[in-house]
Amino acid sequence: LQESELITLNVRIAMLHHDKATAELQDVRDTYQRLFRTKLDHLGRPVPFDTFRRYARGVLEELDHDPEAQEMILEQFVAEAKAGREFLDGAEDTE
């Protein structure tokens, strides 16, 4: 996973959910850059899947200890990511 992928995806998700102004989108960018650098790689270098998986499992455990609830949360995360990716792909097609 690259820092730019995480940031771009979350900006697109924010745009899907809210009509964000440019300044607000910069806040989203800053938030996810900070998250990447504090939780994944402090220099912003790409991380292997195992690193991201450990981080994601930790997030799920913090949100809920029940494995069934974690599965539902993860399904929602995947649906959000898919919608963000489709939005990103659609935006690129119109440019």
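Buried means under 20% relative accessible area, exposed over 50%, and partly exposed in between (1.4 Å probe, protein chains only). The exercises concern a predicted model, in which local features need pLDDT of at least 70, side-chain atom pairs count only at pLDDT 80 or more, and totals for chains, interfaces and linings use all residues. Residues are numbered from 1 along each chain as its sequence is written, and side-chain values use heavy atoms, with hydrogens and water left out.

**Exercise 1.** Determine how many salt bridges a search of the whole structure finds.

Solution. Step 1: the criterion is a side-chain nitrogen of Lys or Arg within 4 Å of a carboxyl oxygen of Asp or Glu.

**Exercise 2.** Describe the salt bridge between arginine 37 and glutamate 3.

Solution. Step 1: the N to O distance is 2.6 Å. Step 2: arginine 37 belongs to helix α2 and glutamate 3 to helix α1 (residues 3–17), so distant parts of the chain, 34 residues apart, are linked; helices are DSSP runs (H or I, at least four residues), numbered from the N terminus. Step 3: arginine 37 is partly exposed because its relative accessibility is 32%, whereas glutamate 3 is buried because its value is 11%.

**Exercise 3.** Classify both partners of the salt bridge between arginine 45 and aspartate 41 as buried or partly exposed.

Solution. Step 1: the side chains meet at 2.9 Å, N to O. Step 2: arginine 45 has a relative accessible area of 42% and is therefore partly exposed. Step 3: aspartate 41, with 11%, is buried.

Conventions
Helix = DSSP H or I, 4+ residues; strand = E, 2+ residues; numbered from the N terminus.
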